[in-house]
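Please examine the following protein chain together with its sequence. The paragraphs below lead from the pairing of strands to a helix, a loop and the chain as a whole.

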Amino acid sequence: MRCALILSYNGTHFLGSQTQKESSNTILGNLESVLKALGIDFKVVASGRTDKGVHATGQVCHIDLPPFWTDLKKLKKVLNEMLPKALHVERIKEVSDNFHARYNAKKRVYRYIIKEGVSNPFNDDYVTFLDSVDFLKVENNIKLFVGTFDFKYFMKTGSDVNSTCREIYKAFAYKHKGYIVLNFEANGFLRSQIRLMVGALLTLDENEIQKQLNCEKRYKIKPAKCNGLYLAKIKY
């Protein structure tokens with residue numbers, strides 16, 4: 001039986017989502033270790049990767065369960081008892097045998113959270129604190145990213161991808177209970193693309209962002225910190 005797992009996690013405690021030879025302290029590394037202890041020795045496939053320090057409220061993975069695991073409610077309970085507290089299984093549901101968490105994903109939604117002011121030890125892992133933000137400028141310029149573009153100037157160097165073109169369906173900013181939230185929805189994102197787009201919104205003007213989007217000029221942009229970034233939802 002193939003199942004989809006919806007995960008939430010605090011990325012501060014992990015070295016990213018993907019399994020690594022050097023360390024098992026990743027999202028999939030921890031999950032596969034616990035599953036193996038429960039007799040589920042199948043590869044976990046995630047909808048996509050998140051880097052070290054990046055959080056998730058709606059990461060999706062798929063696994064194939066052996067015949068003796070049929071009680072999904074019990075499996076969820078046992079997994080959450082055995083997994084690190086910073087990693088939680090929100091739901092487990094049966095899916096079709098040909099479901100693929102990554103290849104069947106149609107849209108990916110990320111949010112970036114900012115707060116103006118001085119950081120504190122209770123929120124610093126989850127929010128990017130800045131002295132001040134020109135919200136009106138960010139609110140206006142974030143709309144420039146909507147559409148299909150070659151984002152080769154908005155990705156981390158050394159990335160191995162077949163194409164650097166992506167389509168962003170929605171990009172908007174809003175305020176919520178004292179926080180500034182940047183929302184991006186696309187068919188996919190390049191490595192560090194969102195953090196570089198946020199960095200551009202915070203440092204470049206409208207004309208400069210447009211030039212970089214059109215690949216006319218590449219500006220030196222510092223990626224926004226990872227602690228404000230969340231994989232919010234995968235749409236199928």
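Two strands are said to pair if DSSP finds at least two bridges between them. Strands (E, at least two residues) and helices (H or I, at least four) are DSSP runs, numbered from the N terminus. The model is a predicted one, in which local features need pLDDT of at least 70 and side-chain atom pairs count only at pLDDT 80 or more, whereas totals for chains, interfaces and linings use all residues. Residues are numbered from 1 along each chain as its sequence is written, and side-chain values use heavy atoms, with hydrogens and water left out.

Strand 5 runs antiparallel to strand 9 and is joined to it by seven bridges; isoleucine 114 has isoleucine 180 of strand 9 as its bridge partner. Strand 8 (residues 165-176) also pairs with strand 9 in the antiparallel sense, over eight bridges, and here lysine 175 stands opposite isoleucine 180. Strands 8 and 9 form a hairpin with two residues between them, and lysine 177 in the turn has a positive phi of about 50°. Seven of the eight residues of strand 9 are buried, where buried means under 20% relative accessible area, exposed over 50%, and partly exposed in between (1.4 Å probe, protein chains only).

Helix 2 (residues 72-82) also has a covered side to consider. Its buried residues are Leu72, Leu75, Val78, Leu79 and Asn80. An α-helix has 3.6 residues a turn, so residues three or four places apart point the same way. The buried residues of helix 2 pack against strand 1 (2-9), helix 1 (27-37) and strand 4 (87-94).

Serine 96 belongs to the loop between strand 4 and strand 5 (107-116). Why does serine 96 count as partly exposed? It counts as such because its relative accessibility is 41%. Its side chain makes a polar contact (a pair of N or O atoms within 3.5 Å, one able to donate a hydrogen and the other to accept it) with the side chain of asparagine 98, at 2.7 Å.

Finally, the whole chain may be considered. Its secondary structure comes to five helices and 10 strands, and buried residues make up 49% of its 236 residues. The C-alpha atoms fill a box of roughly 60 × 40 × 35 Å, taken along the principal axes.

Conventions:
Contact means heavy atoms within 4.5 Å.
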